Amino acid sequence: TSPRSLEKNLNCMEHDQPLNVFCETCQEFICRDCTISENHENHNYKLVTESYSKHRQEIEANLQIIKEKLADTTTALIKLTTREKEVTKQGKDVKKEIHIQAQLVVDLVQESERQLAAKVENAVQKKIELLTKQKEEVEAALHQLKECEEFVEQMLKVGTPYQILRENQNVERKMQSLNQQINPTVFKPIEEANISFTRNIMEDKYRDIGMLNYQNFGEA
């Protein structure tokens, strides 16, 4: 797509010619007479229209990657939120199961019930803490990606070719940095909803009514 018509009255201060050439080496606008001056000897330069088209394509390509990462990161956040609910519900369900088993031999198992319930709470708390920490990291990444997307889309929507070319290095650097820093594939929940209760059915072991089974994958 052709860029908008170039701004008027932008002439070279030295040659009083239109600044319709962009020096890729110096990253500045020059006129045709500047291209044969010593200041730009052996430099790489193109017409503004050509340079604008090239850099816009590069920006749009990086923006597409940002959009894909934004979608993947949003999905990761949804999975983390769902996993939090699963762990919380599972903790409640396991405590109910423990309580039912404890009622069979109340006098012998009340202390064991209290201890196991505390372990469940501790297991859920650890998992939620780890998931929450990971969720905060995902939300931070999501915020960065959204900000970048909104900024670049606004720039491409209202920015002039000159403005876009002036900002292209900073924008490309920012997007490349985000693309390197943010990898949605690592946002898979580090915790499993794996809390379960193993009942001890032997009467002589009712003082210890069972074992709590879980693992915190986020711990070192």
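This is a predicted model: local features need pLDDT of at least 70, side-chain atom pairs count only at pLDDT 80 or more; totals for chains, interfaces and linings use all residues.

Student: Pocket then. What volume does the largest pocket have?

Tutor: About 180 Å³. A pocket here is an open set of points on a 1 Å grid over the protein atoms alone, where a 1.4 Å probe fits, with protein on both sides within 12 Å along at least five of seven lines. The volume is the space filled by probe spheres set on the points, which are joined across faces, edges and corners.

Student: Which residues line the largest pocket?

Tutor: D72, T75, A76, K79, T82, R83, E86, P184, T185, F187, K188 and P189. Lining residues have an atom within 4 Å of a point.

Student: And how does that lining split by class?

Tutor: Four nonpolar, three polar and five charged. Asp, Glu, Lys and Arg count as charged; Ala, Val, Leu, Ile, Met, Phe, Trp, Tyr, Cys and Pro as nonpolar; the others, Gly among them, as polar.

Student: Switching to charges. How many salt bridges are found in the whole structure?

Tutor: Eleven. The criterion is a side-chain nitrogen of Lys or Arg within 4 Å of a carboxyl oxygen of Asp or Glu.

Student: What does R56 pair with?

Tutor: R56 bridges to E60, with the closest N and O atoms 2.9 Å apart. Both sit in helix α1 (residues 48–104), four residues apart, which puts about one helical turn between them. Helices are DSSP runs (H or I, at least four residues), strands likewise (E, at least two), numbered from the N terminus.

Student: What about K67?

Tutor: K67 forms a salt bridge with E149, closest N to O 3.1 Å. E149 is buried at 15% relative accessibility, while K67 is partly exposed at 28%. The cut-offs: buried is under 20% relative accessible area, exposed over 50%, partly exposed in between (1.4 Å probe, protein chains only). K67, E149 and E153 are linked in a network of salt bridges.

Student: R83 was in the pocket lining. What is its salt-bridge partner?

Tutor: E192, with the closest N and O atoms 3.6 Å apart. E192 lies in the loop between α3 (161–181) and β4 (196–199) and R83 in helix α1, so the bridge ties together parts 109 residues apart in sequence.

Student: Where is K69, and what is the nearest opposite charge?

Tutor: K69 is in helix α1. K69 is buried without a salt bridge, and the nearest side chain of opposite charge, D72, is 6.9 Å away. Lys and Arg count as positive, Asp and Glu as negative; His and the chain ends are not counted.

Student: What does K69 touch?

Tutor: L145, N179, I182, N183 and P184, leaving out residues up to four places away in sequence. Contact means heavy atoms within 4.5 Å.

Student: Last one. Is H55 buried or exposed?

Tutor: Buried, at 5% relative accessibility. H55 lies in helix α1. Beyond its neighbours within four places in sequence, H55 contacts F22, E24, L165, N168 and E172.

Conventions
Residues are numbered from 1 along each chain as its sequence is written. Side-chain values use heavy atoms; hydrogens and water are left out.
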